[in-house]
Amino acid sequence: MCGDRLMCIVTNVSFGSWVIFVGGVPRPIRAVELAHIMDKLYGSVVCAGIDTDLEYKYPKGAGRVAFTNEASFIRAITDRYAQLSHGEVC
């Protein structure tokens with residue numbers, strides 16, 4: 001999975017947090033790993049979640065990441081793509 005790319009798209013702003021949609025997430029990645037990756041790249045991650053199929057509880061390959069500040073949010077959406085380089089994932 002090294003070299004996989006994450007795609008970030010703005011979804012909404014809720015509860016004072018800046019939230020992005022992240023597509024192209026490899027299915028083995030857990031929410032905590034996604035949070036660590038995005039925090040390392042952009043900082044100020046407050047939470048992350050992985051979208052799962054409701055019936056089968058299987059990851060859909062997408063997630064959402066919320067930031068605590070606008071600067072981190074803007075950096076994430078400006079990049080549009082993020083290269084995975086997290087050692088525990090690869």
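This is a predicted model: local features need pLDDT of at least 70, side-chain atom pairs count only at pLDDT 80 or more; totals for chains, interfaces and linings use all residues.
Arg64 counts as partly exposed, at 37% relative accessibility.

**Arg64 and its salt bridge**
- The side chain of Arg64 meets that of Asp51 in a salt bridge, with 3.7 Å from N to O.
- Arg64 belongs to strand 4 and Asp51 to strand 3, so this contact ties together parts that are 13 residues apart in sequence.

**Strand 4 and its surroundings**
- Strand 4 covers residues 59-67, and seven of its nine residues are buried, so the strand is largely enclosed by the rest of the structure.
- Arg64, one of the residues in strand 4, is partly exposed, with a relative accessibility of 37%.

**The pairing of strands 3 and 4**
- Strand 3, residues 45-52, pairs with strand 4 in the antiparallel sense, and the pairing runs over six bridges.
- Ala48 has Val65 of strand 4 as its bridge partner.
- Strands 3 and 4 form a hairpin with six residues between the strands, and in this hairpin Lys57 takes a positive phi near 60°.

**The salt-bridge tally**
- How many salt bridges does the count come to? The count comes to two.
- Besides the Arg64 and Asp51 pair, Glu33 forms a salt bridge with Arg30, where the closest N and O atoms are 3.8 Å apart.

Definitions and conventions:
Residues are numbered from 1 along each chain as its sequence is written. Side-chain values use heavy atoms; hydrogens and water are left out. Buried means under 20% relative accessible area, exposed over 50%, partly exposed in between (1.4 Å probe, protein chains only). Helices (H or I, at least four residues) and strands (E, at least two) are DSSP runs, numbered from the N terminus. Two strands pair if DSSP finds at least two bridges between them. A salt bridge is a side-chain nitrogen of Lys or Arg within 4 Å of a carboxyl oxygen of Asp or Glu.
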